[in-house]
Amino acid sequence: MTRRQAHGLPPVRRLTVLYDAECALCTHLRGWLVRQRQRVPLDLVPAGSAEARRRFPHLDHGATLEEITVVGDAGQVYRSTAAWITCLWALDAYRPTARRLATPAGLPVARATVLAAARWRGARGTAGCADGRCTPDPGVPGAAGAAYRGRDVGTGR
């Protein structure tokens, strides 16, 4: 019996990852996820797309463009740090890492990694990303703060 079953929760059989298809970092990570051996199947769907809206009409699709969102087959919704940990948990080789990152000692590391990625993404804006390689946009000062709103499912902050 799994921990989820012991707590009366349904098992997670499939996850949908909503990612920003206009973001070079996001599409790079999407490709990485697809190449990994998945213990729990991942459906990767562009955030804000017609497909995302059809599958999840209850979600705030504007928010899904700002931060990674993962939706479980039983309706669970994970955002930001919790979403990345969930993606790792779904991968065969990274499940132990996900378990470590989900602990009180690991969460600060996971949050720092997500924040660093958001800052990198925000600092680049959308300029120079058309060819899949982002270059800094000098016209976007302080964009990192705009890209990361600091919301974390695990802490509510």
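Colleague: Before that, what kind of model is it, and how are residues numbered?

Modeller: It's a predicted model, with local features needing pLDDT of at least 70 and side-chain atom pairs counting only at pLDDT 80 or more, while totals for chains, interfaces and linings use all residues. Residues are numbered from 1 along each chain as its sequence is written, and side-chain values use heavy atoms, leaving out hydrogens and water.

Colleague: OK, the sheet. In what order do the strands come?

Modeller: The order is E2-E1-E3-E4, an open sheet of 4 strands with mixed pairing. At the edges sit E2 and strand E4 (77-79), each pairing on one side only. On average, neighbouring strands are turned by 20 degrees against each other, direction ignored. On terms: helices (H or I, at least four residues) and strands (E, at least two) are DSSP runs numbered from the N terminus, and two strands pair if DSSP finds at least two bridges between them.

Colleague: In which sense do E1 and E2 pair?

Modeller: Parallel: strand E1 (residues 15-19) and E2 share 5 bridges. Tyr-19, for one, has Pro-46 in E2 as its bridge partner.

Colleague: Which strands does H2 lie across?

Modeller: H2 lies across E1 and E2, running at about 160 degrees to E2. H5 lies across E1, E2, strand E3 (69-72) and E4, at about 110 degrees to E4. Those angles run from 0 to 180 degrees between N-to-C directions, with axes being lines fitted to C-alpha atoms, for helices over the stretch in contact. Contact means heavy atoms within 4.5 Å.

Colleague: Switching to charges. How many salt bridges are there?

Modeller: The count is 6, where a salt bridge is a side-chain nitrogen of Lys or Arg within 4 Å of a carboxyl oxygen of Asp or Glu. One of them joins Asp-92 to Arg-37, with the closest N and O atoms 2.7 Å apart. That pair links distant parts of the chain, 55 residues apart: Asp-92 is in the loop between helix H5 (80-90) and helix H6 (95-101), and Arg-37 in the loop between helix H2 (24-35) and strand E2 (42-46).

Colleague: What else does Asp-92 bridge to?

Modeller: Arg-39 also forms a salt bridge with Asp-92, at 3.0 Å between the closest N and O atoms. Here too the link is between the H2-E2 loop and the H5-H6 loop, with the two residues 53 apart.

Colleague: Which residues make up the salt-bridge network?

Modeller: Arg-14, Asp-43, Glu-51, Arg-54 and Arg-55 are linked that way. Within it, Glu-51 and Arg-55 meet at 2.7 Å, N to O. Both lie in helix H3 (residues 50-55), 4 residues apart, which is about one turn of the helix. Glu-51 is partly exposed at 29%, and so is Arg-55 at 30%.

Colleague: Now rings. How many aromatic pairs are there?

Modeller: There's 1 aromatic pair. The ring centres of Trp-32 and Tyr-94 are 5.2 Å apart with planes at 65 degrees, so the pair is edge-to-face. Trp-32 is in helix H2 and Tyr-94 in the loop between H5 and H6, so the pair ties together parts 62 residues apart in sequence. The rule: rings of Phe, Tyr and Trp (its six-membered ring) pair if their centres lie within 6.5 Å; planes under 30 degrees apart count as stacked, over 60 as edge-to-face and the rest as tilted.

Colleague: What else does Tyr-94 touch?

Modeller: Not counting residues up to four places away in sequence, Tyr-94 touches Gln-36 and Leu-88 as well as Trp-32. The C-alpha atoms of Tyr-94 and Arg-39 are separated by 9.7 Å.

Colleague: Last one: Thr-64, buried or exposed?

Modeller: Thr-64 is buried, at 1% relative accessible area. It sits in helix H4 (residues 61-66). Leaving aside neighbours within four places in sequence, Thr-64 is in contact with Leu-18, Ala-47, Gly-48, Leu-59 and Thr-69.

How values were computed. Buried means under 20% relative accessible area, exposed over 50%, partly exposed in between (1.4 Å probe, protein chains only).
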